[in-house]
Amino acid sequence: MIKNFIIKNWKTIFNIQLIIFIAFAILTFVYYWDKSAHQYFNRGFDTSNIQAIFSLFMTYLFVFFIAVAFIYPILFLIQMFSMRNEKDRKKTVRLIILFVLYIISIISVFALYTINGSQAIKAINH
């Protein structure tokens, strides 16, 4: 059942995963270099400015992608085994692209994880 669904909807599933992983990586990159927003990361919604809203959004994405980091390998293996009988080279390349984007997402999660640590170090030093 799952195998048939994956095979029938492969292109849509691939596009959704591609968009989600790329969007998360880009947002993490932007947020990581936006140092003024780091003070609001993983905090409650106290102030209503753009930095706080962006930080709240990135906090929720951070939590979501921690779950993705643990669950996605299972989903990826299901996709890979469902597509193993397919001899299409494009699908193999797309699976490799998804794996690379997954690794980039894990790196992005770790980058977001280090934000609170760098803020604590900065507060101690000042």
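Is Ser55 buried or exposed, and what is its relative accessible area? Ser55 is buried, with a relative accessible area of 0%, where buried means under 20%, exposed over 50% and partly exposed in between, using a 1.4 Å probe and protein chains only. The model behind this value is predicted, so to speak of local features a pLDDT of at least 70 is needed, side-chain atom pairs count only at pLDDT 80 or more, and totals for chains, interfaces and linings use all residues. Residues are numbered from 1 along each chain as its sequence is written, and side-chain values use heavy atoms, with hydrogens and water left out.

The chain holds four helices and zero strands, in the order α-α-α-α along the sequence; helices (H or I, at least four residues) and strands (E, at least two) are DSSP runs, numbered from the N terminus. Of its 126 residues, 30% count as buried. Among contacts (heavy atoms within 4.5 Å) with a separation of 6 or more, 70% join residues 24 or more positions apart. The chain exposes about 8,500 Å², of which carbon and sulfur atoms supply 72%; these areas follow the Shrake-Rupley method with a 1.4 Å probe, and for residues only the protein chains shown count as cover.

Helix α2 spans residues 10-33, and its 24 residues reach 35 Å from first C-alpha to last, close to the 34 Å expected at 1.5 Å a residue; the expected span is 1.5 Å times one less than the number of residues. Its buried residues include Trp10, Phe14, Phe21 and Tyr31. Tyr31 also meets Ser55, a residue of helix α3 (residues 50-83): their side chains make a polar contact at 2.8 Å. Such a contact is a pair of N or O atoms within 3.5 Å; within protein, one must be able to donate a hydrogen and the other to accept it, and residues adjacent in sequence count only if both atoms are side-chain atoms.

Between α2 and α3 runs a loop that contains Asn49. Asn49 counts as partly exposed, at 29% relative accessibility. Its C-alpha atom is separated by 9.9 Å from that of Ala37, twelve residues apart along the chain.
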